[in-house]
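Below is a set of questions and answers on one structure. Please look at the sequence and the coordinates first.

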Amino acid sequence: DEEVASAVKRMKREAIFARDDMLAPARLFGQAMVAGRGVAEVEEWPDRIGAVTAAQIVEAARAVFVPEQSVTAILRPKPAS
């Protein structure tokens, strides 16, 4: 729960700082509208992020990270010759 609260706090802070940037708001609103979203969705985003729970994150991760559909690679340094 602490980790989720910390991540939510960081994301909300980033959303607020993005409004101070000269180009970020135009880019955010433009991307949202191209994707079929509205102005209200962009403005409500920090509140919606704040409502996410650790249980919801675990549920989403279980849906996305399916061991039977995953590939794992072990990266090792190139052997010295």
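Q: Which residues lie nearest the centre of the largest pocket?
A: The model is a predicted one, in which local features need pLDDT of at least 70, side-chain atom pairs count only at pLDDT 80 or more, and totals for chains, interfaces and linings use all residues. Residues are numbered from 1 along each chain as its sequence is written, and side-chain values use heavy atoms, with hydrogens and water left out. A pocket is an open set of points on a 1 Å grid over the protein atoms alone where a 1.4 Å probe fits, with protein on both sides within 12 Å along at least five of seven lines, and lining residues have an atom within 4 Å of a point. Of the 16 residues that line the largest pocket, those nearest its centre are Ala15, Leu28, Val42, Trp45 and Pro46.

Q: Which helices each supply at least two residues of the lining of the largest pocket?
A: Helices are DSSP runs (H or I, at least four residues) numbered from the N terminus, and strands are runs of E with at least two. The chain has four helices and zero strands. Those that each give at least two residues to the lining are helix 1 (2-20), helix 2 (24-34) and helix 3 (39-50).

Q: How many residues of each class are in the lining of the largest pocket, and how much space lies in that pocket?
A: Ala, Val, Leu, Ile, Met, Phe, Trp, Tyr, Cys and Pro count as nonpolar, Asp, Glu, Lys and Arg as charged, and the others, Gly among them, as polar. On that scheme the lining has 10 nonpolar, one polar and five charged residues. A volume is the space filled by probe spheres set on the grid points, which are joined across faces, edges and corners. For the largest pocket this space is about 350 Å³.

Q: Which side chains meet in a salt bridge?
A: A salt bridge requires a side-chain nitrogen of Lys or Arg within 4 Å of a carboxyl oxygen of Asp or Glu. A search of the whole structure finds one. At 4.0 Å, N to O, the pair is Arg37 and Glu41.

Q: Are Arg37 and Glu41 buried, partly exposed or exposed?
A: Buried means under 20% relative accessible area, exposed over 50%, and partly exposed in between (1.4 Å probe, protein chains only). Arg37 has a relative accessible area of 48%, and Glu41 has 31%. Both values fall in the class partly exposed.

Q: Is Ala32 buried or exposed?
A: Ala32 lies in helix 2. Buried residues make up 11% of the 81 residues in the chain. With a relative accessible area of 11%, Ala32 is buried.

Q: How far apart in space are Gly36 and Pro67?
A: Gly36 sits in the loop between helix 2 and helix 3, and is exposed at a relative accessible area of 60%. In sequence, Gly36 and Pro67 are 31 residues apart. Their C-alpha to C-alpha separation is 33 Å.

Q: What radius of gyration does the chain have?
A: The C-alpha trace spans about 55 × 35 × 30 Å along its principal axes. The radius of gyration is taken over C-alpha atoms, and the globule rule is 2.2 Å times the number of residues to the power 0.38. For a compact globule of 81 residues the value would be near 12 Å, but the chain has 19 Å.
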